[in-house]
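Please keep the sequence and the model at hand while reading.

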Amino acid sequence: MPTWGPHPDVPEPLARLAARHPLVILSNASDQHASRNAALLGAPLHAVYTAEQARAYKPRLGAFEYLYAQLGCRPEDTLHVSASPRYDLQSATDLGVRETVYLNRGYEPSAPHCHAYEVTTLAGVAELLGV
């Protein structure tokens, strides 16, 4: 979508987070769209992985297993942030991610059983991490 852009409150805290932590995206978008959208975020990303690469769409665990295999780390070594308990946080929790943050933008109901923290802005994530 040519007019897509990040929420206005995303670029600044995302850049702060990227300065201290490797940021990774796991997207259900195609390779082409995910790369374009990631570039619009205005912060350096460690990696962008897609359902196209994983051959599995979230919330299927295969997408997340692909992510961790590519990163060479364990789920419990990561922090997972998402605006979707249904498509991200439940699967991440099922795989053993202990540190999960629900970025509640009002799209889905809160699901406290699958997230450790809840914030309403990405700046809230930065605050949680002391950034």
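Is Asp9 buried, partly exposed or exposed? The model is a predicted one, and in it Asp9 has a relative accessible area of 27%.

Asp9 is a partner of Arg105 in a salt bridge, where the closest N and O atoms are 3.3 Å apart. Because Asp9 belongs to the segment before α1 (11-20) and Arg105 to the loop between β4 (99-103) and β5 (117-119), the pair ties together parts that are 96 residues apart in sequence.

Side chains of opposite charge can pair when their charged atoms come close. In total, the structure holds five salt bridges. Two further examples involve Arg74: one joins Arg74 to Glu76 at 3.5 Å, N to O, and another joins Arg74 to Asp77 at 3.0 Å, N to O. Through shared partners, the salt bridges join Arg74, Glu76 and Asp77 into one network.

How accessible are the members of this network? Arg74 is partly exposed at 47% relative accessibility, and Glu76 is partly exposed at 27%. Asp77, with a relative accessible area of 48%, is likewise partly exposed.

Strand β1 (residues 24-27) pairs with strand β2 (residues 47-50) in the parallel sense, over four bridges. Within this pairing, Val24 stands opposite Ala47 of β2.

## The aromatic pair

How many aromatic pairs does a search of the whole structure find? The search finds one. Its members are Tyr49 and Tyr66, whose rings lie 5.9 Å apart, centre to centre, with 85° between their planes. Planes over 60 degrees apart count as edge-to-face, so the arrangement of Tyr49 and Tyr66 is edge-to-face.

Tyr49 lies in strand β2, whereas Tyr66 lies in helix α4 (residues 61-71); the pair therefore ties together parts that are 17 residues apart in sequence. With a relative accessible area of 12%, Tyr49 is buried, because this value falls under the limit of 20%.

Conventions
Residues are numbered from 1 along each chain as its sequence is written. This is a predicted model: local features need pLDDT of at least 70, side-chain atom pairs count only at pLDDT 80 or more; totals for chains, interfaces and linings use all residues. Side-chain values use heavy atoms; hydrogens and water are left out. Two strands pair if DSSP finds at least two bridges between them. Helices (H or I, at least four residues) and strands (E, at least two) are DSSP runs, numbered from the N terminus. Rings of Phe, Tyr and Trp (its six-membered ring) pair if their centres lie within 6.5 Å; planes under 30 degrees apart count as stacked, over 60 as edge-to-face and the rest as tilted. Buried means under 20% relative accessible area, exposed over 50%, partly exposed in between (1.4 Å probe, protein chains only). A salt bridge is a side-chain nitrogen of Lys or Arg within 4 Å of a carboxyl oxygen of Asp or Glu.
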